[in-house]
Amino acid sequence: MRQMRLFSSRDSGLVSELRLVIMVDESTRKTLSSIPLLSTKAGPRDKELWVNRLKEEYQALIKYVQNNKGSDNDWFRLESNKEGTRWFGKCWYMHNLLKYEFDVEFDIPVTYPTTAPEIALPELDGKTAKMYRGGKICLTDHFKPLWARNVPKFGIAHAMALGLGPWLAVEIPDLIEKGVISYKDRGDE
Amino acid sequence: MTAVDWDEVKRLAADFQKAQLSSTLQRLSEHNCVEIVTKLLESKLLDVVFTTDGKEYVTPQQLVREIKDELQVCGGRINLADLAKLLNVDLSQVSKAATDIERHDKSVKLVLGQLVDKTYMTKITGEINDRLSQQGHVDVAQLTLHYDLPAEFLQSTVERELGKTIFGRQDRQDPRVFYTEGYVARNKAKTRGALSGITKPTLISAILGQCSVPERIFSSILDNLQEMRQVPGVVTGKQGGNGIYVPSIYSKSQNDWVDNFYKQNGYLEYDALSRLGFSDPQNFVKRHFANEKLSLLDSVAVGPAITDQVDANVEEVAATGSFTDIYPLLPSVFSPEDAETLLKDSMKRTNSNIHVFANTVAISDAFLQNLVLRFEGVAEKKAKEAVDSGKWLQFVAESKIKSKLVDPDECRVDKREERRRKAVGGKAGGGSQGRETRTKSTKKKNYRGKNTVDADSDDAQESQNSVKKEFVFFTVDDIAIEIGKDENLSDIEGLVRELASYLQPNLSKQAVAAAEQLAQMTKTNNLNVVEERLNALATSIRVLDKGIKQLDKGIQVGLTKYLMKTLGTDLVSDVFKLAAQQNLIQCPEVITTEARLKIITELPSDVKDPLNNLHKAVAGSSVEEFLIAAEPALAACCLVLRKFDKKKERPVVVGHREALLEQLSTTRDPALALHLTTSILFTATTQTALHMSGRHVLSVLEFLQPLIQSHVASTLSRYHDLVLQLLSSTDENVKHEAQTALDEGLDEIKKIAINFKKQLKPDNSQD
């Protein structure tokens with residue numbers, strides 16, 4: 001709900017990261033600030049620079065995951081192809097002591113990092129209105145300008161933290177409540 | 001370059017995977033944790049113990065382990081409270097864990113909120129042993145103080161370790177005390193030495209103080225020694241410092257002395273025994289001479305040797321009817337009281353009839369009776385004297401008055417009042433008034449003594465009265481002097497006096513009885529005499545009244561009054577005296593009108609009225625009335641006024657005349673002579689007697705005038721004139737002349753009187 005408030009805020013004229021950070025709640029601010037910012041502005045096509053960028057992406061992700069684990073907030077698994085252009089894995093959400101797990105995938109757009117990646121949960125395709133075809137989650141209006149303002153500082157880790165995380169927090173309880181999704185016992189998890 | 005970069009990317013990807021796959025630290029928020037644990041505890045899935053600050057949980061196993069560790073650290077003994085503080089765990093949990101430990105671990109004990117383990121026990125037993133060997137004795141109480149452990153725990157510990165690590169032995173009487181053998185032996189030796197050395201009875205505490213043997217060990221040592229027969233003596237009294245150790249050598253010599261003394265002297269003096277150290281000589285004697293027949297007196301115990309002697313003396317006294325003082329026969333230590341007791345005992349034994357005087361003197365009954373006999377005569381004499389002298393009556397009357405004075409104060413007892421009245425009224429004639437009164441008073445005393453306490457003061461008063469009432473015939477001194485004449489008796493100090501006071505009441509009683517008897521006798525005599533006299537008086541009054549009636553009416557009144565005033569008053573006075581005497585009222589010698597009135601008020605009512613009437617009648621002028629009043633008055637005094645006997649009239653008249661003649665023959669007084677002559681002539685003429693005063697002489701002469709010969713009449717009238725002249729004249733010469741004339745005429749007058757028959761005119765003479 002806190003994230004909801006963040007994204008539904010009428011104050012769309014946030015200009016600075018600082019301001020944004022101030023606007024979000026304490027835990028999100030902490031999360032964000034603990035993810036290292038990236039510096040290389042390069043897309044998959046930029047051959048060498050992309051490698052740098054990818055390195056930074058990995059470092060940020062490692063840090064983010066470490067942070068998450070450190071705060072007992074591990075909520076996804078990601079891996080990429082060799083080139084680091086396609087990412088896939090799992091994400092999960094705990095609701096009422098039940099773990100709801102979904103596959104997650106996305107491609108790095110060619111125009112990355114100017115364009116944010118479009119994270120998709122194919123399992124939920126057609127189950128909620130806040131989703132584009134193909135299971136791409138429908139990010140709020142705030143995400144894009146925020147991202148745009150923070151090119152190239154934001155990376156995959158940021159997209160996960162600011163995009164998928166809040167979306168899950170808002171949508172999954174709603175979907176569970178509607179009975180659209182139900183708990184599947186996956187003992188191995 | 002690129003390859004290197006890609007490698008790096010690969011490495012990073014791998015790192016990322018590693019990071020993702022590394023186990024998540026399952027962090028829970030604090031209150032979540034608390035809730036989870038609470039939940040677990042609730043569902044009994046988890047058993048943990050909270051720390052006091054609530055920040056940590058400890059499993060019981062951990063707690064137990066930690067407690068054991070702490071115990072180890074602290075040298076085998078730790079307070080649970082300290083543990084709770086150290087481990088930061090609630091005391092209740094700690095104590096629970098501690099009891100758990102105690103249950104499961106044999107080597108650990110929970111004592112008084114403290115955990116104690118075996119090492120510690122070993123340590124303290126070692127310490128105790130050291131202490132014991134150092135000091136020779138150890139007291140659990142001391143240990144308790146020293147180790148701050150409960151006495152029972154220490155007790156059991158020490159007892160368990162006795163002979164293992166603690167080398168000593170337990171006191172048999174006080175299991176809380178332990179000694180080393182050496183210590184015991186040392187003290188035993190000391191005690192044995194001391195006890196053997198003592199020759200006099202000694203306080204145990206003194207012995208203990210002297211040889212510094214602790215008291216608590218002493219008794220066990222003493223028992224031990226006594227068992228081994230190494231104590232030459234006995235300990236008397238309570239166990240402890242108050243007891244007295246009496247060496248047998250001492251008691252033996254004591255007993256020897258007692259036996260010897262008794263054997264030699266036949267008696268034992270308590271004082272001597274207590275000087276020897278017997279605390280209760282009387283009981284000692286009883287115990288020691290259980291087989292001997294000892295008489296236990298106040299200050300001595302006497303054996304048969306002496307009692308036999310006394311018995312013999314007593315028997316002799318009884319047999320010979322004499323007396324003896326046993327005091328010289330007894331050893332000098334005997335007190336007179338002892339002698340008395342001895343005598344009384346002996347009296348009982350021998351059944352002899354003796355009395356004990358002055359504590360030591362035995363007097364036989366026969367002897368006493370002799371003494372009494374000697375006094376009987378004296379008693380009677382004294383009684384007679386008392387009665388004759390009137391003291392007795394006076395005393396009786398006085399005591400009566402006194403009791404009357406007392407009576408109003410105590411008239412609350414009606415019964416007594418009644419009894420008094422009965423005594424007064426019913427026995428008015430009896431002579432035993434005095435006795436009656438006294439008996440009454442003693443009765444009263446008994447009666448009241450039994451019932452009332454508040455009457456004590458009255459009693460005292462009464463007894464005082466009765467003491468006063470007792471008529472003293474003999475004083476103790478009198479008797480003492482009399483007895484003292486016997487030298488044998490007077491030699492013994494105090495005996496005479498005691499005998500006297502013993503005899504005195506008896507003798508007094510005898511004397512009183514005698515006096516009463518005598519008094520009664522004289523009283524009845526008196527009564528008869530009085531009756532006679534009163535009757536004579538009454539007869540005279542009647543006769544004289546008759547004489548008066550011969551005269552003219554005018555003279556009659558005066559004469560009657562005179563008669564009443566003289567003879568009538570005499571009669572009344574006698575009656576009142578008698579009544580007063582009978583009713584024990586004090587009355588003066590001469591009874592005046594006032595005295596009469598006073599007596600009347602004091603008389604009891606049954607006597608009062610007749611006497612009052614009589615009193616009034618005598619003031620009146622009618623002889624008849626007076627006599628009528630006299631009759632009941634006399635009756636009230638138990639007398640009878642006899643009926644007038646005509647036969648007696650003549651002798652009375654004759655007697656009267658004879659008396660007059662006799663009086664006349666002796667008198668030289670002309671007036672009296674004339675008076676008498678006139679009376680004689682009157683008697684002669686009228687054959688009645690006349691009682692008159694000088695004033696009536698003239699009128700009587702006038703009455704006689706016609707009856708006697710004229711020359712006699714003229715002689716008499718002349719003589720009468722002369723008498724008048726003598727009495728009324730103021731001139732000495734005239735008086736003298738008249739006197740001579742009268743003296744001359746006296747013989748003539750007398751002659752007239754003597755020859756009274758011739759003087760009468762023959763025609764008028766009566767039969």
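View 1. A:P152 lies in the loop between α5 and α6 (156-178) of chain A, where helices (H or I, at least four residues) and strands (E, at least two) are DSSP runs numbered from the N terminus. The peptide bond that joins A:V151 to A:P152 is cis, with omega at about 5°. A cis peptide bond also joins A:Y112 and A:P113, with omega of about 5°, and A:P113 is placed in the loop between β3 (98-107) and α5 (143-149) of chain A. This is a predicted model, in which local features need pLDDT of at least 70 and side-chain atom pairs count only at pLDDT 80 or more, while totals for chains, interfaces and linings use all residues. Residues are numbered from 1 along each chain as its sequence is written, and chains are lettered from A and ligands numbered from 1 in the order in which they are written.

**View 2. A positive phi at B:D148.** Most residues other than glycine have a negative phi, and most peptide bonds are trans. In B:D148, a residue other than glycine, phi is positive, near 55°; the residue is found in the loop between α7 (140-147) and α8 (151-161) of chain B. B:D148 counts as exposed because it has 11 C-beta neighbours inside 10 Å, given that a residue is buried if 20 or more other C-beta atoms lie within 10 Å of its own, exposed if 12 or fewer, and partly exposed in between, with C-beta atoms placed from the backbone.

**View 3. The contact between chain A and chain B.** Chain A contributes 19 residues and chain B 17 residues, two residues being in contact if their C-beta atoms, placed from the backbone, lie within 7 Å. On the side of chain A that touches chain B, the elements that give two or more residues are α4 (47-70) and β1 (76-80) of chain A, and the largest share, 12 residues, comes from α4(A). This side of chain A divides into 6 nonpolar, 6 polar and 7 charged residues, where Ala, Val, Leu, Ile, Met, Phe, Trp, Tyr, Cys and Pro count as nonpolar, Asp, Glu, Lys and Arg as charged, and the others, Gly among them, as polar.

**View 4. Packing of helices α31 and α32 of chain B.** Helix α31 (residues 697-704) and helix α32 (residues 710-728) of chain B pack at an angle of about 165°, with their axes 10 Å apart; axes are lines fitted to C-alpha atoms, for helices over the stretch in contact, and angles run from 0 to 180 degrees between N-to-C directions. α31(B) and α32(B) are therefore roughly antiparallel to each other, a term used for angles over 145 degrees. The contact involves B:V697, B:L698, B:L701 and B:L704 of α31(B), together with B:A713, B:L716, B:S717 and B:H720 of α32(B). By class, this contact has 6 nonpolar, 2 polar and no charged residues.

**View 5. The buried face of helix α14 of chain B.** In helix α14 (residues 281-288) of chain B, the buried residues are B:P281, B:F284, B:V285 and B:H288. Seen down the axis of α14(B), these buried residues fall within an arc of 100°, so they line one face of the helix, the arc being that of the directions from the helix axis to the C-beta atoms. The face of α14(B) turned away from its buried side carries the exposed residues B:N283 and B:R287. The cover over the buried residues of α14(B) includes α12 (248-265), β12 (267-269), α13 (270-276), β13 (295-296) and β14 (300-302) of chain B.

Methods. Parallel < 35°, antiparallel > 145°, perpendicular 65-115°, else oblique.
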